[in-house]
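This report goes through one protein structure, topic by topic. Please look at the sequence and the model first.

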Amino acid sequence: MPVTDPISDMFTRLRNAARVQAPAVEMPASKQKVALAELLRNEGFISSFETKALGTPEQKMRVVLKYGAKGEQVIQGIKRISRPGLKVYRPAKQVPRVYGGLGVAIVSTSRGLMTDREARKSNIGGEIIAHIW
């Protein structure tokens, strides 16, 4: 069955896998999902990811989740902000801070996906994709 919002599907798979403390989760891959996984890895929310057969119809991505020393989830929450029915755009000065800087807002800009801190530093606004904490 086709998915109407693949980014929300990715976040739901990550959220569900973290709740049951699964070591990894597989999902269909795309360029935007790979960019999101790269950003999540750089911010320390996931351990690693790998792609298989990128550019073919059966392309897959495997994301290895990250847990704390006592097995607690690193990803406490993911909230999709901009969705297919309601796009949310903000100028650089109005890019939100998540939990006073403890979380990360993912912003899609003309220079690609970046965190809220990078967007404010570069003085670039864009579409607010999600909040992660």
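## The lining of the largest cavity

The lining of the largest cavity in this predicted model consists of 6 nonpolar residues, 1 polar residue and 1 charged residue. In this division Ala, Val, Leu, Ile, Met, Phe, Trp, Tyr, Cys and Pro count as nonpolar, Asp, Glu, Lys and Arg as charged, and the others, Gly among them, as polar. The lining residues are Ala18, Phe45, Leu65, Lys66, Tyr67, Gln73, Val74 and Ile75. Lining residues have an atom within 4 Å of a cavity point, and a cavity is a set of points, on a 1 Å grid over the protein atoms alone, where a 1.4 Å probe fits but cannot get out.

How many cavities of 30 Å³ or more does a search of the whole structure find? The search finds 1. The largest cavity has a volume of about 40 Å³, where a volume is the space filled by probe spheres set on the points, and points are joined across faces, edges and corners.

## Basis of the model

The model is predicted: local features need pLDDT of at least 70, side-chain atom pairs count only at pLDDT 80 or more, and totals for chains, interfaces and linings use all residues. Residues are numbered from 1 along each chain as its sequence is written, and side-chain values use heavy atoms, with hydrogens and water left out.

Helices (H or I, at least four residues) and strands (E, at least two) are DSSP runs, numbered from the N terminus. Strand S8 covers residues 126-132. Is S8 largely enclosed or open? S8 is largely enclosed by the rest of the structure, because 7 of its 7 residues are buried. Buried means under 20% relative accessible area, exposed means over 50%, and partly exposed lies in between (1.4 Å probe, protein chains only).

Two strands pair if DSSP finds at least two bridges between them. S8 runs antiparallel to strand S4 (residues 78-80), with 3 bridges, and isoleucine 78 stands opposite isoleucine 132 in S8. S5 and S8 are also antiparallel, joined by 2 bridges; here arginine 90 has glycine 126 as its bridge partner. Between S6 and S8 there are 5 bridges, again in the antiparallel sense, and serine 108 is partnered with glutamate 127.

## The S6 and S7 hairpin

S6 also pairs with strand S7 (residues 112-115), in the antiparallel sense and over 4 bridges. Isoleucine 106 stands opposite threonine 115 in S7. How many residues lie between the two strands of this hairpin? S6 and S7 have 2 residues between them.

## The largest nonpolar core

A nonpolar core is a set of buried Ala, Val, Leu, Ile, Met, Phe, Trp, Tyr and Cys residues joined through side-chain atoms within 4.5 Å. The largest such core has 28 residues, of which Leu14, Ile46, Met61 and Val63 touch the most other members. Two or more residues come from each of helix H1 (6-19), strand S1 (24-28), helix H2 (31-42), strand S2 (46-52), strand S3 (60-65), S6 and S8. H1 gives the largest share, 6 residues.

## Tyrosine 99 and tryptophan 133

The structure has 1 aromatic pair. Tyrosine 99 and tryptophan 133 form this pair, which is edge-to-face, at 5.3 Å centre to centre and with 70 degrees between the planes. Rings of Phe, Tyr and Trp (its six-membered ring) pair if their centres lie within 6.5 Å; planes under 30 degrees apart count as stacked, over 60 as edge-to-face and the rest as tilted.

The two residues are 34 apart in the chain, with tyrosine 99 in the loop between S5 (89-90) and S6 (104-109) and tryptophan 133 in the segment after S8. Tyrosine 99 is exposed, at a relative accessible area of 52%, whereas tryptophan 133 is partly exposed, at 27%. Tyrosine 99 also has a positive phi, near 50 degrees, in a residue other than glycine.

## Residues in and around H1

Aspartate 5 sits in the segment before H1 and is buried, with 11% relative accessibility. Aspartate 5 is 51 residues from threonine 56 in sequence and 20 Å from it in space, C-alpha to C-alpha.

Within H1, arginine 15 is partly exposed, with a relative accessible area of 24%. Arginine 15 and glycine 77 are 62 residues apart in sequence and 7.2 Å apart in space, C-alpha to C-alpha. Glutamine 21, in the loop between H1 and S1, is partly exposed at 49%. Glutamine 21 is not a glycine, yet has a positive phi of about 55 degrees.

Terms used. 1 Å grid on protein atoms, 1.4 Å probe; cavity = no way out; pocket = protein on both sides within 12 Å on 5 of 7 lines; lining within 4 Å.
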